Amino acid sequence: MKKELLNEKVKVSDAKLFIDGAYVDALSGDTFDTIDPATNIKLASVAKGNEHDAKRAIEAAQRTFESGIWSNMPVEERSDILCRMSDLILERVDELAYLETLDVGKPITESRGFDIPRAAQNFRFFAEMAKYVVQENYQKHNVMSYAEYGPAGVTSLIIPWNLPFMQLTWKASAALAAGNTIVVKPASYTPLSAVKLGEIANEAGLPPGVLNIITGPGSTVGTEMCTNPYVQRISFVGESNTGKTVMRNASENLTPVSLELGGKSANIVFEDADLDEAVSGSIEAIYRNQGEICLAGSRLLVQESVYDEFLEKFTNAAKNIKVGEPTDEQTDMGALVSKGHMETVDEYVKIGIAEGAKLAHGGQRVAGLDKGNFYEPTVLYDIDNKMRVAQEEIFGPVIVIIPFKTEEDAIRIANDSIYGLAGVVWTNDMRRARRVSSAVEAGLLWVNCWYIRDLRTPFGGSKASGIGREGGRHSFDFYTEAKTVTMKL
């Protein structure tokens, strides 16, 4: 379904702040524009909140938390409301997917087929899991000790622009299921789907003040959300240097943080792998969402004995990717989020070639789509891992292909990075798969697949890729405060 047909169903409206259950203007009255990456034309005006707006949202969340209307609500009742939110997301899947595609520039097939359904799944998963979190109880002689896990309090959630609605619901559903009240800052590039969660919350019966959404700059809104003394937890997804700023700000009040940051993940192809399967999976791992994904397998390590064959197969597959209008059902890859980001990606390609990389495909804007931020799927090969394009996160549709000789060589190259978010191993030798998966320094490893997630498992990275884990019980560990009670019987 193309944009003109979708537009008959979905109206793109200006976005306001959502505080204490109501949509309101910023105190200053200021707004900013959100832009369609496919056309670089204004989509909507967005309320430009500042530290004062963030403060009133935090204070509303604090009042609501102290009232106990949500934090003391029986977990079964909280779960029912969150499950209604899940159902409402699915009922509005076309609208939310269209807004996501317009704002981010990603293909409608991804938004409608994965992102929004996964967002609904996030709410239902944590809503149900909250009812069955295992409690600890120990007895020794005539003494019993047990642990209570209560909601932490006001929680700040700072959301990235690449997967805005899915990432928002991943954080919000767990924090809400644990009984917290939340303040959300969507990325300024992509606020449109996030602000719709307020409508869904009201329709589902979430009490006012439990969810608050503030659009605006990180320098004002984000800083207040990290330094306000009422805030008890901060969860941030974004670039590693920004994560350091969040951590420094959080240190003022010793506020616990969960940081999911950048990545430069190694995607390792061994000579015994099914090469067609590895090519298909590796194409998805770098070009899905235009390469604008922290989990991207952006360093492709290929064993020398199959290097030439794999390079030919991969390059041919990259040439067959259809880049086009994001709302077109036939599009495989859409537009990069902004003109500035596209220029940054292009500059990295130029840097790589200047460093000695060879260009197999791409390396320029897409002909005929010059109004938007469309960039060709790009293949750089014969890369040395010391090159900047192998060490720095490009966050775009650019793969760097690195040859290796032995298993030990592959592990050494994979770990020669400041990042440690994810990795992929392609091999039919399961003993090798186990060895390499254990040896690669990363929070997530896939074997013969990519981006398959069981929401019960821990999610997060090591080194410069972040701090902490969320997912399953790990989310509840972070969004709750543990208390041990010891009782003499």
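Trainee: Which element gives the largest share of the lining of the largest pocket?

Mentor: The largest share, five residues, comes from H8. This is a predicted model, in which local features need pLDDT of at least 70, side-chain atom pairs count only at pLDDT 80 or more, and totals for chains, interfaces and linings use all residues. Residues are numbered from 1 along each chain as its sequence is written, and side-chain values use heavy atoms, with hydrogens and water left out.

The largest pocket has a volume of about 790 Å³. Its lining has 37 residues, and the closest to the pocket centre are Trp161, Phe236, Gly238, Glu239 and Thr242. A pocket here is an open set of points on a 1 Å grid over the protein atoms alone, where a 1.4 Å probe fits, with protein on both sides within 12 Å along at least five of seven lines; lining residues have an atom within 4 Å of a point. Grid points are joined across faces, edges and corners, and the volume is the space filled by probe spheres set on the points.

Two or more lining residues come from each of helix H8 (218-227), strand E10 (231-237), helix H9 (240-250) and helix H12 (339-355). Helices (H or I, at least four residues) and strands (E, at least two) are DSSP runs, numbered from the N terminus.

By type, the lining of the largest pocket divides into 15 nonpolar, 17 polar and five charged residues. Ala, Val, Leu, Ile, Met, Phe, Trp, Tyr, Cys and Pro count as nonpolar, Asp, Glu, Lys and Arg as charged, and the others, Gly among them, as polar. Domain 1 (3-261 + 465-488) and domain 2 (266-447) each give at least three residues to this lining; the domain bounds come from an automatic or database domain assignment.
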